[in-house]
Amino acid sequence: MTIRRLFLGAAAMLIAGPALAQAPVPGWAIGRPEGSTLAPHAPRLTVTPLDQVPVAALRLPPGFHAEVYAHGIPGVRAIAEGPNGTLFAGSRGIGRVYAITRNADGTTRTRVFAQGLAQPSGLVMIGNSLYVFAVNRVLRYDNVEANLDSPAAPVDLTAAFALPTEQDHGGNHHWKFVSLGPDGRIYTNVGAPCNVCEFDRDRFALLVSFNPDGSDRRIEARGVRNSVGMAHHPVTRELWATNHGRDWIGDDSPEDSLLRVRRTGEDFGFPMCLGTWSDPEHNRGRACSEFSQPAALLGGHVAALGMRFYTGTMFPEQYRNQVFIARRGSWNRNRLSGYDVVVAKLDAQGNVTGVEDFMTGLRDDANQRFLDRPAEVHVLRDGSLLVSGEQMGAVYRITYRQ
Amino acid sequence: MILGRFLAAAFLAAATCGAAVAQDARRGAELATPCLQCHGGNGRSQMETIPSLAGQPADFITIQLILLREGLRQAPAMAPFAANLPDRDIEDMAAYFATLPPGPPDDRRPRDPALIAAAEALVGPRHCATCHVADYGGRNQIPRIAAQREEYLAAAMTQYRDGTRAGPDTQMNGAVVGLSDANIAALAHFLAQK
């Protein structure tokens, strides 16, 4: 199978070669074998009725319980929490930012807070201000929780951040994930401008940080193909991030990965290497040992997205400071993988000792279908864990009772 | 454990069936009456620049109507119709159009062998059939482009190339990057003749 895939890949390159002179093969399709029909799954941008939200299918370890926290939120992804407990949720295709508040009776109310934005997937709260990253556009909504129904016009920080535009990215990996560091800086991704290619490694495939006003850009990590989830370790304060492996080179490698950034600016190897895996087309003769190694491998094409360290006290002690990771699920793979939440277990030195299933049941292997796509995890103040289900527009809440 | 798995599988089947039943093509047919003025009585447009909707995948129509409603896709003629459309109306109309047999407009022009040949050199490297499938009939969020109106196809590809249109993802923007106007004209003719 692997040899056949390599052969197909080589054949595709030969076919693509002469075609380049005529019209370039688009970045995302480089390496795509002739005849493959794999394509991204259709998103659902309409409201899913509550009785179709697949909460009953969720499987968790003993003692854990899942409920629907909020629903009717098409495309829900990243979650940021305001000081008064309002949850803000970003999206991609539907262009909305939602505000989710809790009613006195424990139910939730969801408002469309902002709309008509290009892929507003990156959200971060700093004090009372919500920062929305919609590709390169950066908007700051001040005093946001006091104005949920009629937000004031945002402050436009786009020019200060000067992030690459969608056109600069060639339409690849231009959407953002954003996180606030313990140093008060804003951390985000600048993805690769292609599936795999040669590009400016000081400009793309980076983790970067900024002052909240957009000044003092700093490269935190290089050679990171695309990260759509990151968080700082609550004790060591190191930056950790999820990272997506390239497509069209096989079902199982290179894997998605969990990265631990120990030194500012270290290089994780894209496009030459990922861990010990050497890219057969883009390695340029480099030894993969030259590059920083991932803290854990998360599986081929699983689409590891949001990740958070568990800092609550509701879950058993063994989960404290462990990493919950949402795996949105594969498309560039012959059989579905991911569509779950896993936990990366860390020892006292911060080394990953294993990656375990946590929330499963959304992937139907027999019929090769999926019921929802976990895109983000968020630890609430009571220690329960929220999981956003992008496909069904629902937010699940995971609690623990002995 | 096995029982649990069985129950989970039964639930999956139920959930999927529920979703299928929720879209009411008959209700959609009534709602879609005004649409037929421009998109054609049988869903095959006879009007320049207006696309045929007959036989389009329901997911495609649903997503495009959402993008139009949200102002994320600009098509001024559609703006008043899409504004404030409820999700259920959109899904029902999409289900209706998906049931209509597809076909070319009555005024389709004759085949131009030179344009067909030019397009045949492009569809392989551009992997058009990977997503739109071998007969270009589309699937899920990916539209039927076979026998679509030629000038509409050319306009859509031009918008994707020039960054003035995006789908729910950016696959098409990537797929048409770098195409010349002549490339697009050839592809539009080739697909319209399918």
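A crossing of two helices counts as right-handed if the near helix is turned clockwise from the far one by less than a right angle. Keep that in mind as you work through this predicted model.

**Exercise 1.** Work out how α4(B) and α6(B) are oriented: what is the angle at which they pack, and which handedness does the crossing have?

*Solution.*
- Step 1: Find the helices in chain B: α4 covers residues 58-69 and α6 covers residues 87-99.
- Step 2: Their axes are 8 Å apart, and the packing angle is about 140 degrees.
- Step 3: Roughly antiparallel needs an angle over 145 degrees, so α4(B) is oblique to α6(B).
- Step 4: Now the handedness: α4(B) passes α6(B) in a right-handed crossing.
- Step 5: From α4(B), the contact uses B:A58, B:I61, B:T62, B:L65 and B:I66. Residues on the α6(B) side include B:I90, B:E91 and B:F97.
- Step 6: Sorted by class, this contact has nine nonpolar, one polar and one charged residues.

**Exercise 2.** Now try the pair α9(B) and α11(B): how far apart are their axes, and which residues make the contact?

*Solution.*
- Step 1: In chain B, look for α9 at residues 150-162 and α11 at residues 181-192.
- Step 2: The axes lie 8 Å apart, at an angle of about 135 degrees, which makes α9(B) oblique to α11(B).
- Step 3: Here α9(B) passes α11(B) in a right-handed crossing.
- Step 4: α9(B) brings B:E150, B:L153, B:A154, B:M157 and B:T158 to the contact. Among the α11(B) partners are B:I184, B:L187 and B:H189.

**Exercise 3.** Where is chain A divided into domains?

*Solution.* Domain 1 of chain A takes in 1-37 and domain 2 takes in 38-400. Their C-alpha centres lie 30 Å apart.

Note on methods
Residues are numbered from 1 along each chain as its sequence is written. Chains are lettered from A and ligands numbered from 1 in the order in which they are written. This is a predicted model: local features need pLDDT of at least 70, side-chain atom pairs count only at pLDDT 80 or more; totals for chains, interfaces and linings use all residues. Axes are lines fitted to C-alpha atoms, for helices over the stretch in contact, and angles run from 0 to 180 degrees between N-to-C directions. Helices (H or I, at least four residues) and strands (E, at least two) are DSSP runs, numbered from the N terminus. Angles under 35 degrees count as roughly parallel, over 145 as roughly antiparallel, 65 to 115 as roughly perpendicular and the rest as oblique. Two residues are in contact if their C-beta atoms, placed from the backbone, lie within 7 Å. Ala, Val, Leu, Ile, Met, Phe, Trp, Tyr, Cys and Pro count as nonpolar, Asp, Glu, Lys and Arg as charged, and the others, Gly among them, as polar. Domain bounds come from an automatic or database domain assignment.
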